[in-house]
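Please keep the sequence and the 3D view at hand while reading.

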Amino acid sequence: MKSVIFIVLYTIALLVLFASVRCEKKDSISEGNLIVLTVATEETDGFRRFMRSAQHFNYTVKVLGKGEKWNGGGYMSPPGGGQKVRLLKAALEEVTEKDKVILFTDSYDVVFASGPRELLKKFQQARHKVVFSSETLIWPDRHLEDKHPYPKEGNRFLGSGGFMGYASNLKELVSSWTGKDNESDQLFYTRVYIDPEQRKALNITLDNKCRLFQNLNGALDEVVLKFEDGQVRARNVLYDTLPVMIHGNGPTKLQINYLGNYIPKLWTFETGCTVCSEDLRPLSGLKETEYPLMVIGIFIQQPTPFVSVFFERLLKLKYPKNRLKLFIFNQEPHHENQVVSFVKDHGMEYQAVKLIGPEEGVDAIESRNLGFAECREDSDCEYFFSVDIEVVLKNEDTLKILVELNKPLIAPMMIKPGKLWTNFWGALSADGYYARSEDYVDIVQGRRVGIWNVPYMSHVFLVKASVLRHQLSAADLFRSDTLDADMAFCRHARDQGVFMHVTNLHSFGRVLSTENYQMNHLHNDLWQIFENTVDWEERYIHENYTRIMKDKLLETPCPDVYWFPIFSEVACDHIVEEMENFGQWSGGGNKDQRIQGGYENVPTIDIHMNQINYEKEWHKFLVDYIAPITEKMYPGYYTKAQFDLAFIVRYKPDEQPFLRPHHDASTFTINIALNHAGTDYQGGGCRFLRYNCSIQAPRKGWTIMHPGRLTHYHEGLPTTGGVRYIAVSFIDP
């Protein structure tokens with residue numbers, strides 16, 4: 001008997017379950033019955049982002065108001081949006097099927113996070129005919145707060161940026177609209193909602209827990225990115241929901257831009273950047289004459305190291321020079337010779353060069369505006385590339401890469417070595433200054449690679465001329481009473497809805513530090529070993545230095561004497577020129593007040609490093625570049641590279657042609673050849689008497705390293721012609 005009852009009950013349960021499944025399947029809304037409507041009077045970057053997310057999930061979107069003048073106000077202006085209601089009302093009149101479900105949404109600041117199936121399922125689960133998004137903040141009329149019903153849980157107030165419902169209900173909802181385009185759509189819908197009779201008649205509810213719509217205004221702390229199984233969603237941690245649509249309403253445009261870097265599936269940990277190869281403008285295969293014309297704006301606004309190196313790198317950029325025009329603004333007289341020299345030597349290689357020098361009295365901000373105008377007013381100009389003189393463009397393909405990425409406004413990511421500094425900000429603080437985004441460090445350190453929508457960038461960027469002629473057509477984009485020029489420009493771009501992108505898809509270069517730049521020397525860059533170590537090394541250390549041990553470039557011409565490359569030709573020339581410019585060569589006598597005791601046993605005609613205030617820089621050079629070689633070649637010996645004497649020696653046949661045999665007052669000595677034997681001078685060299693071994697043809701930029709006391713008694717061989725220069729250091733005296 002019990003078994004019979006069990007079978008009957010089991011059968012009934014199966015029938016109920018089957019019936020409910022059939023009922024649910026029968027009653028579910030077909031995706032074909034969904035109509036997505038949005039308003040976009042022009043195709044902004046935000047609109048293109050919205051449409052890309054819609055296409056990703058196969059939504060079909062009908063755009064209202066395209067090409068129409070927008071009269072509905074903006075998020076920074078008084079309440080508006082009535083134009084959207086007018087357009088929706090007209091569009092609904094064309095919908096005749098009662099079973100159609102309409103999704104009406106903003107577009108410029110909205111992204112889809114999931115597809116139609118989930119959207120419709122959650123709409124049905126709301127068990128109402130019309131569902132509006134919800135907000136934690138009431139807007140635009142706070143006096144209506146008390147009239148809003150209290151939900152059991154969740155947000156209390158209506159948001160108009162996203163709602164959906166059956167066509168017949170929405171028709172009735174907007175049927176009473178007679179307002180103007182600049183009147184508030186949200187206020188209109190709010191008044192309908194807070195009226196109990198209309199709310200009941202239209203069967204309206206709010207998406208209180210953000211299952212369908214997530215408005216960010218007032219809810220930033222509730223929303224986090226959720227990465228899972230190659231997908232990216234926004235998760236509301238307060239209600240533990242995954243909204244289908246994310247809306248950066250009100251003052252949350254930067255936050256939707258941040259979320260839009262990932263949603264939907266623009267970047268995941270599994271795939272990396274999924275859209276970086278989309279919408280490109282390939283240049284490969286084009287003739288040089290077919291490359292887009294570009295104006296490069298170069299801005300020199302402060303004393304900066306390695307200016308001549310900047311221009312050397314500019315010449316190496318792989319872009320047809322006959323498709324480049326240069327706009328050079330130099331505010332700094334200190335660099336006038338370098339700029340004029342570059343224009344004189346290479347200006348004819350470019351299509352045109354315009355130079356504004358310090359004598360013209362143009363201020364830094366106006367120069368930026370003039371640079372934009374140079375491109376904006378040239379009908380052939382397609383791009384403006386703005387670059388500050390302190391930018392180190394290491395990637396010779398920078399221009400090509402940025403053009404091919406085809407963004408309205410994009411910057412190559414630049415760093416400062418050893419720091420988290422870059423030329424972009426991932427977020428802004430409430431007062432418009434730097435704030436660190438959650439992903440900033442990962443982007444800077446290359447753990448996340450892609451193209452990123454950011455709120456601020458500086459120092460170097462590429463902007464389309466079409467953007468300068470349209471969204472950024474204002475004559476003065478860089479001036480502000482409260483903000484620096486770069487911040488003012490970025491604010492203008494944000495206000496006009498122009499997305500600023502930064503890319504770290506490639507390594508592009510770095511930005512120099514201009515702090516503590518001395519200008520009281522002939523070659524001031526020599527003093528940059530502390531402030532800009534990498535650039536100093538690239539400029540002054542021999543290109544083969546890193547290959548010394550790996551490729552066995554270190555030679556042993558005499559016992560315990562090592563010979564290896566250390567200085568570049570430029571370094572040698574600059575050191576010699578610096579000393580000759582200083583000019584206070586010693587007389588070569590035994591009396592020498594520069595040294596302790598005032599007596600030199602083996603005098604030379606020389607200038608000490610401390611005479612030109614270079615002893616700290618020279619010590620760092622010895623520690624960083626000489627000590628590592630010493631410790632490898634003299635096993636077990638550790639040096640701190642201390643020295644009492646470091647100096648430049650000059651040999652001339654009619655002055656001091658040679659140096660008599662002697663020991664050095666050092667544990668070991670380095671002797672760097674600063675010019676070419678056979679070209680700059682004849683004769684010369686060094687002879688180690690105990691071993692009867694000579695190095696008679698020193699190589700420019702190479703150093704001889706040998707023990708000082710006891711074993712390596714040596715002499716300087718006669719210089720028979722020209723002038724010979726060497727840099728000598730007695731290390732660990």
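Which residue in β37 is the bridge partner of tryptophan 563? In this predicted model, that partner is isoleucine 704. The points below place this pair in its sheet and then turn to the helices.

**The sheet**
- Strand β29 (residues 561-565) and strand β37 (residues 702-707) are joined by four bridges and run in the antiparallel sense.
- Both strands belong to an open sheet of seven strands, with antiparallel pairing and the order β28-β29-β37-β33-β40-β31-β30.
- At the edges of this sheet are β28 (555-558) and β30 (606-608), each of which pairs on one side only.
- From one strand to the next, the twist averages 25°.

**Helices on the sheet**
- Helix α17 (residues 569-582) packs on the sheet and touches β30, β31 (643-651), β33 (668-673) and β40 (724-731).
- The direction of α17 makes about 85° with that of β31.
- Helix α18 (residues 615-633) lies across β29, β31, β33, β37 and β40, and runs at about 110° to β33.

**A pair of packed helices**
- Helix α3 (residues 82-92) packs with helix α5 (residues 167-174) at an angle of about 135°, and their axes are 10 Å apart.
- The two helices, α3 and α5, are therefore oblique to each other.
- The crossing in which α3 passes α5 is left-handed.
- On the α3 side, the contact is made by Val85, Leu88, Lys89 and Leu92, and on the α5 side by Leu170, Lys171 and Val174.
- Five of the residues in the contact of α3 with α5 are nonpolar, two are charged and none is polar.

Conventions:
Residues numbered from 1 in each chain as written. Predicted model: local features only at pLDDT ≥ 70, side-chain atom pairs only at ≥ 80, totals over all residues. Heavy atoms only, no water. Axes fitted to C-alpha atoms, helices over the stretch in contact; angles between N-to-C directions. Parallel < 35°, antiparallel > 145°, perpendicular 65-115°, else oblique. Left-handed = near helix turned anticlockwise from the far one by under 90°. Contact = heavy atoms within 4.5 Å. Nonpolar A, V, L, I, M, F, W, Y, C, P; charged D, E, K, R; others polar. Pairing = 2+ DSSP bridges.
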